[in-house]
Amino acid sequence: MLIFGSSLAMRRFALGAAALLLSAAAVQAQSGTFSTPFHESAISGAGSNFTSYSSSTDFAFTDSSSADPAVPASPAGGRGGQYDNRGQRPGLRWGFEAGGGFNAPVGNDIPYITWGGNLTIGGGLHLSREFTILGEYQFIADKLPGALVAAGGGDTGNAHINSITFAPVIDLFPNHSTSVYLTGGGGWYHKSTNWNVLVGYDFYGYPVYATARSFSSDQWGASGGLGFSHRLGGVYGDGTMKLFAEARYLWINTPPIGEPNGLGRTKLIPVTFGVRF
């Protein structure tokens with residue numbers, strides 16, 4: 001019995017020791033799984049790669065325009081988005097002019113017409129910065145010399161000329177605010193010559209005249225001359241309005257002396273001041 005009891009106690013001791021050893025081994029195995037040097041380096045390397053990838057991805061999204069050569073760089077400064085209005089101005093656009101001035105007779109026409117005034121309006125197309133085509137209406141009102149008035153039996157006299165002409169304008173310095181241009185052309189002219197007699201006075205004491213004699217003719221004529229212009233700046237430096245002053249030589253094929261309604265060819269120098277757009 002003593003031997004049997006000793007054997008049983010030894011078995012229980014052996015089983016307890018084995019269980020204790022197995023528990024210690026299991027704990028050691030678990031601790032080694034998370035603390036081995038190889039696994040720590042793997043985790044460190046993976047973490048490093050993940051951080052690097054994340055930062056490169058963020059860079060690609062935050063500065064993609066500089067990375068893509070097809071995307072143009074944004075202009076520097078606050079003025080990058082502005083543009084020059086003058087450079088955007090089209091070459092083909094409508095034009096308009098209005099002006100007035102005086103006329104001087106020249107040559108053999110001096111005995112048959114004298115000084116007076118003119119009024120000019122016109123419109124057309126600016127085909128380019130250098131070349132403009134205008135259609136013009138001009139009214140000229142000149143007096144007749146005293147000798148011619150007396151010979152016709154009048155107290156006063158005048159010559160009125162209405163014309164519709166074609167007039168190209170060539171700007172010699174289109175890129176300058178002050179420029180020189182050439183102009184001229186031709187078209188239809190109607191001239192009437194009138195002798196007037198005094199018939200009384202109005203309520204305010206001004207003389208009242210009536211036409212005693214008149215004749216007229218229709219013919220073609222031509223003119224050519226030189227002018228100066230000054231372009232106004234506008235709000236943004238893109239102004240299209242110009243002030244101008246010009247002088248032309250005007251020749252009208254009126255009937256010569258000796259023919260019905262003839263006082264010879266009409267030759268004048270109209271000087272005009274005005275504005276163009």
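At 41% relative accessibility, L226 counts as partly exposed; here buried means under 20% relative accessible area, exposed over 50%, and partly exposed in between, with a 1.4 Å probe and protein chains only. This residue is found in strand 6 (residues 207–231), where strands are DSSP runs of E with at least two residues, numbered from the N terminus. L226 also belongs to a nonpolar surface patch of about 530 Å², made together with I170, L172, F173, L182 and F228. Patches consist of residues with over 30% relative accessible area and no salt bridge, nonpolar side chains (Val, Leu, Ile, Met, Phe, Trp, Tyr) being joined within 5 Å, and the areas come from the Shrake-Rupley method with a 1.4 Å probe.

The model is predicted, so local features need pLDDT of at least 70 and side-chain atom pairs count only at pLDDT 80 or more, while totals for chains, interfaces and linings use all residues. Residues are numbered from 1 along each chain as its sequence is written, and side-chain values use heavy atoms, with hydrogens and water left out.

Turning to the fold, eight strands close into a barrel in the order 1-2-3-4-5-6-7-8, with antiparallel pairing. On average, neighbouring strands of this sheet are turned by 25° against each other, direction ignored; the axes are lines fitted to C-alpha atoms. Two strands count as paired if DSSP finds at least two bridges between them. Strand 3 (residues 131–143) and strand 4 (residues 156–171) pair in the antiparallel sense over 13 bridges. Within this pair, F131 stands opposite I170 of strand 4, and I170 is also one of the patch residues.

The charged side chains come next. Five salt bridges are found in the whole structure, each being a side-chain nitrogen of Lys or Arg within 4 Å of a carboxyl oxygen of Asp or Glu. D171 and K242 meet in one of them, at 3.0 Å from N to O. Because D171 lies in strand 4 and K242 in strand 7 (residues 242–252), the pair ties together parts that are 71 residues apart in sequence. D171 is buried at 8% relative accessible area, whereas K242 is partly exposed at 22%.

E246 takes part in two contacts: a salt bridge with R248 at 2.8 Å, N to O, and another with R276, whose closest N and O atoms are 3.1 Å apart. E246 lies in strand 7 and R276 in strand 8 (residues 266–276), so this pair ties together parts 30 residues apart in sequence. Salt bridges that share partners join E97, E136, E246, R248 and R276 into one network. Within it, E246 is buried at 7%, R248 at 9% and R276 at 9%.

Key. Helix = DSSP H or I, 4+ residues; strand = E, 2+ residues; numbered from the N terminus. Axes fitted to C-alpha atoms, helices over the stretch in contact; angles between N-to-C directions. Patch = residues over 30% accessible without salt bridge, like charges linked within 9 Å, V, L, I, M, F, W, Y side chains within 5 Å.
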